[in-house]
Amino acid sequence: MKNQILNELTYKGIFVNDQLLNETDKDNLKKDFEIKKNSETFKINNDLEIRKISKTLFEFLQRDYVKNSIYEYFGTEFKCSTILFTRTKPEIKKNDSDNIFAGSLLGFHNDDKGKQIKINILLSDLSKDSNGLEYAILSHKISLIDRYIISMFRIFGFFKKWNKHFINYQKNKFQGRRVNFMTEKEVKKKFDILKVYGKSGLVYIFDTNGFHRQGSVNLESILEEERELITVYFDPKNN
């Protein structure tokens with residue numbers, strides 16, 4: 001399993017699997033995250049704090065194939081910084097430029113953190129037409145042209161720690177747009193899009209340097225379909 005997670009993160013930027021959690025795991029997670037608010041953020045300083053929130057989540061994150069995959073992907077020690085619970089409903093599709101201007105999660109963006117991993121666990125069933133994650137396959141990789149430009153700047157002492165997309169960032173900055181967004185037209189021209197949906201217990205792990213967005217819908221009939229989600233953030237320790 002470790003090799004599968006690592007390979008898909010490396011080559012696609014995202015790994016999706018519905019077999020990692022059994023029925024007991026799913027039931028326990030739902031009980032641990034019976035939260036009335038639509039959003040709850042837990043800041044994490046050490047792994048034992050995760051156990052206080054949810055023993056089941058802690059034990060899942062301690063599985064060798066999870067820890068080793070993240071370690072090898074980062075190439076260094078890592079830390080869990082945040083656990084987030086969210087309950088969201090779909091939104092009707094809006095104009096892409098409006099989403100970008102507003103900095104909306106409905107626009108294609110990366111998290112502007114460089115290399116960062118999110119592990120997401122669905123706590124509710126999610127249909128294909130609902131507000132599941134849309135991920136641009138391979139967009140987590142820094143292009144050859146970006147890497148060449150960065151390497152030239154580094155000769156003169158600039159951008160030594162830069163590990164994000166470069167041209168798109170600088171172009172947006174010059175144009176006064178949000179630096180970590182890319183238009184839907186450009187994303188779909190460059191990359192294939194994976195829509196994530198499935199049954200409760202589905203796990204998906206992705207590199208947030210890749211362009212992604214929360215799906216929007218065209219059908220008013222599914223606007224009440226709730227997505228309950230646990231998101232765990234991992235960063236390299238030296239960040």
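**Close-up views of a predicted model**

Figure 1. The residues that line the largest pocket comprise four nonpolar, eight polar and six charged ones. The lining is made up of 18 residues in total, and F74, G114, K115, N163 and P236 are those that lie nearest the centre of the largest pocket. The volume computed for the largest pocket is about 560 Å³.

**Figure 2. The open three-stranded sheet with the strand order β6-β5-β8.** The strands of this sheet pair in an antiparallel manner, and its edges are formed by β6, residues 193-195, and β8, residues 212-214, each of which pairs on one side only. On average, and with direction ignored, neighbouring strands of the sheet are turned by 20 degrees against each other.

**Figure 3. Pairing between strands β5 and β6.** Strand β5, which covers residues 133-136, runs antiparallel to β6 and is joined to β6 by three bridges. Within this pairing, E134 has K195 in β6 as its bridge partner.

**Figure 4. Helix α7 and the glycine that follows.** Helix α7 consists of twelve residues, 144-155, and its span from the first C-alpha to the last is 17 Å, which is close to the 16 Å expected at 1.5 Å a residue. After α7 comes G157, a residue with a positive phi, near 90 degrees.

Terms used:
Residues numbered from 1 in each chain as written. Predicted model: local features only at pLDDT ≥ 70, side-chain atom pairs only at ≥ 80, totals over all residues. Heavy atoms only, no water. Helix = DSSP H or I, 4+ residues; strand = E, 2+ residues; numbered from the N terminus. Expected span 1.5 Å × (residues − 1). Pairing = 2+ DSSP bridges. Axes fitted to C-alpha atoms, helices over the stretch in contact; angles between N-to-C directions. 1 Å grid on protein atoms, 1.4 Å probe; cavity = no way out; pocket = protein on both sides within 12 Å on 5 of 7 lines; lining within 4 Å. Points joined across faces, edges and corners; volume = space filled by probe spheres on them. Nonpolar A, V, L, I, M, F, W, Y, C, P; charged D, E, K, R; others polar.
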